[in-house]
Amino acid sequence: MTSPYQKHRDWWKDCQRCPLGKQRSRIVLARGRVPCDVLFIGEAPGVSEDALGQPFIGPAGKLLDRIVDDALDPIFMGSDRPKVVFTNLVACFPKLAKSEGVNHQPAEAEIKACSTRLKEFVDEVARPRLIVCVGALSEKWVPQFIDPFSVEMIHIVHPAAILRAPDAQRGLMVRRCVVVLANAVEALHAED
């Protein structure tokens, strides 16, 4: 029997709904085990993600993993941690925007073209209890595609923005992300 994620992957693996389909090396769908408790939705794959086909595995992903560990480990010492999964608004590397663009972000039309895939992933595959919008672009678009009343949503600063920030600000930015995530996960845990 084919799993919902395998069906999802098979359906979207050759997507050409927007110009990003011709810019990518690999489609970048998700990282983690589904279904999940917490789903992180970023903006778009970067160079590392495009090369390896998994989201959040470059420098920003390593920082996000550290944020997740720092938020969850104190709450779930030795017990079962919530399952987390990572994905993005768009599943293809916006190569031209990243190399030539002013804002380095996928275009609105590209985000909208990928919204069917994202909604399917959230509703049918991941089925999270909490969505973490990673970055301002995700915070803007995710509630337009996913009913914010159907699942709890929070927002954290994108780890790439933290890495670009002045050294003196990075620690506080990371700490804020840890606290926001820990508080949201503790609230979910209290409901169990």
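**Close-up views of a predicted model**

Figure 1. The structure, a predicted model, holds one cavity of 30 Å³ or more. The volume of the largest cavity is about 90 Å³. Its lining comprises 15 residues, of which Cys15, Cys18, Ala91, Cys92 and Cys114 are the closest to the cavity centre. At least two lining residues come from each of helix 2 (20-23) and helix 6 (108-113).

**Figure 2. The largest pocket.** This pocket has a volume of about 580 Å³. It is lined by 25 residues, and those closest to its centre are Ala44, Lys98, His158, Ala160 and Arg164. Helix 3 (47-52), helix 4 and helix 9 (159-164) are the elements that give two or more residues to the lining of the largest pocket.

Figure 3. Five strands form an open sheet in the order 1-3-2-4-5, with mixed pairing. Strand 1 (31-32) and strand 5 (152-156) each have a single partner strand and stand at the edges, so one side of each is left without a neighbour in the sheet. In general, the strands of a sheet pair through backbone hydrogen bonds, in either a parallel or an antiparallel sense. Here, strand 1 and strand 3 (residues 84-88) are antiparallel and pair over two bridges. Within this pairing, Arg31 stands opposite Phe86 in strand 3, and Gly32 has Val85 of strand 3 as its bridge partner.

**Figure 4. Helices packed on the sheet.** Helix 4 (residues 59-72) lies across strand 1, strand 2 (38-42), strand 3 and strand 5. The direction of helix 4 is at about 150° to strand 3. Helix 10 (residues 167-191) also packs on the sheet, where it touches strand 2, strand 4 (130-134) and strand 5. Between the directions of helix 10 and strand 5 the angle is about 165°.

**Figure 5. Strand 3 and its parallel neighbour, strand 2.** Five of the five residues of strand 3 are buried, so this strand is largely enclosed by the rest of the structure. Val84, Phe86 and Asn88 point one way from strand 3, whereas Val85 and Thr87 point the other way. Strand 2 and strand 3 pair in the parallel sense over five bridges. Phe40 has Phe86 as its bridge partner in strand 3.

**Figure 6. The surroundings of Asn88.** Asn88 lies in strand 3. Its relative accessibility is 2%, and Asn88 therefore counts as buried. Leaving aside neighbours within four places in sequence, Asn88 is in contact with Ile41, Gly42, Glu43, Ala44, Pro45, Pro55, Phe56, Arg117 and Leu118. Among these contacts, Ala44 is also one of the residues closest to the centre of the largest pocket.

**Figure 7. Aromatic pairs.** The structure holds four aromatic pairs. One of them is formed by Phe40 and Phe86, which are stacked, with 5.1 Å from centre to centre and 20° between the planes. This pair links distant parts of the chain, with Phe40 in strand 2 and Phe86 in strand 3, 46 residues apart. Phe40 and Phe86 are both buried. In the pair of Trp141 and Phe145, the ring centres are 5.7 Å apart and the planes are at 15°, so this pair is stacked. Trp141 and Phe145 are four residues apart in helix 8 (residues 136-145) and are therefore separated by about one helical turn. Both Trp141 and Phe145 are buried. Phe40 and Phe86 also belong, with Phe56, to one aromatic cluster.

Figure 8. Five of the five residues of strand 4 are buried, so strand 4 is largely enclosed by the rest of the structure. Leu130, Val132 and Val134 point one way from strand 4, and Ile131 and Cys133 point the other way. Strand 2 and strand 4 run parallel and are joined by four bridges. Opposite Phe40 stands Val132 in strand 4. Strand 4 and strand 5 likewise run parallel, joined by five bridges. Opposite Leu130 stands Glu152 in strand 5.

Technical notes
Residues numbered from 1 in each chain as written. Predicted model: local features only at pLDDT ≥ 70, side-chain atom pairs only at ≥ 80, totals over all residues. Heavy atoms only, no water. Pairing = 2+ DSSP bridges. Contact = heavy atoms within 4.5 Å. Axes fitted to C-alpha atoms, helices over the stretch in contact; angles between N-to-C directions. Phe/Tyr/Trp six-rings, centres within 6.5 Å; stacked < 30°, edge-to-face > 60°. Buried < 20%, exposed > 50% of the residue type's maximum accessible area, 1.4 Å probe, protein only. 1 Å grid on protein atoms, 1.4 Å probe; cavity = no way out; pocket = protein on both sides within 12 Å on 5 of 7 lines; lining within 4 Å. Points joined across faces, edges and corners; volume = space filled by probe spheres on them.
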